Amino acid sequence: MIESCRLRVPAGARKRLQSGNICVGQSSKHSTPSAAEQAALKVLYLTTEIPYPLTSGFLRHYHFLRSLGQKHKITYCSLTKKPRISPEALAALQPFTERIMIFGETRPREPLWVRWLGALPLVGAKPQKALRFRAAARAMKKAVRELLQREAFDVVMYSGKNTFPVIADLRGVPIVADCCDATSARVRGEMRHANFARRLWLLMRYLEVRRIEKRLVRKTPHLAFASRRDRALLLAGAENGEIIPQAVEVDFWRRLPEPRADNCIIFTGVMNYAPNHDAALFLLEHVWPRLQSLLPKLELVLAGRDPLPALKAAAQRIPNVTVTGFVDDLRPYLSRATLYVAPIRFASGVQNKILEALAMELPVVTTPVVAEGLRLGDGSAAPLRVAQSAPQFAAAIVELLQHPEECRRLAQAGRQFVEQHFVWPRNIAKLEALWLAAAGRNGAA
């Protein structure tokens, strides 16, 4: 099942991309190991989704793999909900891994009743996908168990609530768990804004995720969290575990030499993601009407892939509003904008989009739940304007647009804040220290 390859996706793997699980391996001809090779850890790296392309919410693992894969020997295993894995995604990960194993929803020998379930009107597709995903998780669990029986690994690196069944019964190997964010807090927050039918589904999701979170923090002492807020929620106020937040590539997320508009606000993100969809609709339906009479020439740009029909329909009814859909590069849109406005009402962890806007020297207006995720260990707050209600958002936007000198101050402070606290090299070093400690290497690289 393991195929030899270099930097391209082998033909055999391409054939299996649409039909089930794939396993791609690199050739491994070695002479006498060097000192660096002897010091390298052998790591089994497990995630719940492939961290590519870099517009996904899983990009932190791409940066971890890209850096640590150059020093350590990594076997990478992942679940995926994607119907097809692009050759580009595999090619992006192969240089930093010794082997890649991917387990998807599509299974060529699934029971016939599962196929029939998908044909049911209205409700069939979702349970069919859930059953296929659980089957993929079982296949991944079996493969991981067999792999650990054949080979000795120094560390298992784990991430993702949906991946927990894979490690639930693991014994005898150190586990480093990237808990990242308190997913249960985000789900609980969404329940406050959902209709009755969705609230019932979210309640079941909350109970499931909370159960996994409790089991996860008992599974291993080697834990990583995206923020102090998330650590406090998952550990009931305890302070063990390492804070490894999201970060940005500050050399990439830099203002382009384009003129900034005088009256243009922007919000970015994957628009079919529930917190982003809710924020965009709240901005359109509750904040924007308060601004139109005060600032009739104001523009609003909602930039990001996969906007849902409800958002597109709402935007079509309002002048001066642009919904871009997918764009290759968000930087031109961010460089042109005057303000970044993110009325995200339920969230956990650290939002990449906020870090990117700050790095691009945009003043940011957002909610307390987002700002709390960016609070530093000494209690320092990020240089943001914080608002909760629609009137508060409208007032903050108007005030900033009328005071360009305050916008410039916030823009400069935001860039400095990211450069000092949210860069990848610092975070990757923290993760490597966790790996070394788990493996009994005394934290010495």
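How many residues of strand E6 (residues 155-159) are buried? I looked, and 5 of its 5 residues are, which leaves E6 mostly covered. For my own notes, buried is under 20% relative accessible area, exposed is over 50%, and partly exposed is in between, with a 1.4 Å probe and protein chains only. Strands (E, at least two residues) and helices (H or I, at least four) are DSSP runs numbered from the N terminus.

Before going on: this is a predicted model, so local features need pLDDT of at least 70 and side-chain atom pairs count only at pLDDT 80 or more, while totals for chains, interfaces and linings use all residues. Residues are numbered from 1 along each chain as its sequence is written, and side-chain values use heavy atoms, leaving out hydrogens and water.

**Around E6**

I checked which way the side chains go. Val-155, Met-157 and Ser-159 point one way from E6, Val-156 and Tyr-158 point the other way, and all are buried. In a regular strand, side chains alternate between the two faces of the sheet.

Next I looked up the partners of E6; two strands pair if DSSP finds at least two bridges between them. Strand E3 (residues 42-47) pairs with E6 in the parallel sense over 4 bridges, and Leu-46 stands opposite Tyr-158. Strand E7 (residues 175-180) also runs parallel to E6, joined by 4 bridges, with Met-157 opposite Val-176.

Cys-180 is buried, at 17% relative accessible area. I also noted a cis peptide bond between Tyr-52 and Pro-53, with omega about 10°. Pro-53 sits in the loop between E3 and helix H3 (59-68). Most residues other than glycine have a negative phi, and most peptide bonds are trans.

**The open sheet**

Then I went to a sheet of 6 strands, open and parallel, in the order E12-E11-E10-E13-E14-E15. Its edge strands are E12 (321-325) and E15 (385-386), each pairing on one side only. Strand E10 (residues 264-268) pairs with strand E13 (residues 339-342) over 2 bridges, and Ile-266 has Tyr-340 as its bridge partner in E13.

Helix H16 (residues 390-402) packs on this sheet and touches E10, E13, strand E14 (364-366) and E15. Contact here means heavy atoms within 4.5 Å. The direction of H16 makes about 175° with that of E13; axes are lines fitted to C-alpha atoms, for helices over the stretch in contact, and angles run from 0 to 180 degrees between N-to-C directions.

**Cores**

Which residues touch the most other members of the largest nonpolar core? I found Phe-267 and Tyr-340, in a core of 70 residues. A nonpolar core is a set of buried Ala, Val, Leu, Ile, Met, Phe, Trp, Tyr and Cys residues joined through side-chain atoms within 4.5 Å. Helix H11 (residues 274-292) gives the largest share of this core, 9 residues. Beyond its neighbours within four places in sequence, Phe-267 is in contact with residues including Leu-283, Val-301 and Tyr-340.

**Charges over rings**

Last, I looked for charges over rings: NZ of Lys or CZ of Arg within 6 Å of the ring centre and within 35 degrees of the ring normal. Lys-42 lies over the face of Phe-153, 5.0 Å from the ring centre. Arg-331 lies over the face of Phe-252, at 3.8 Å.
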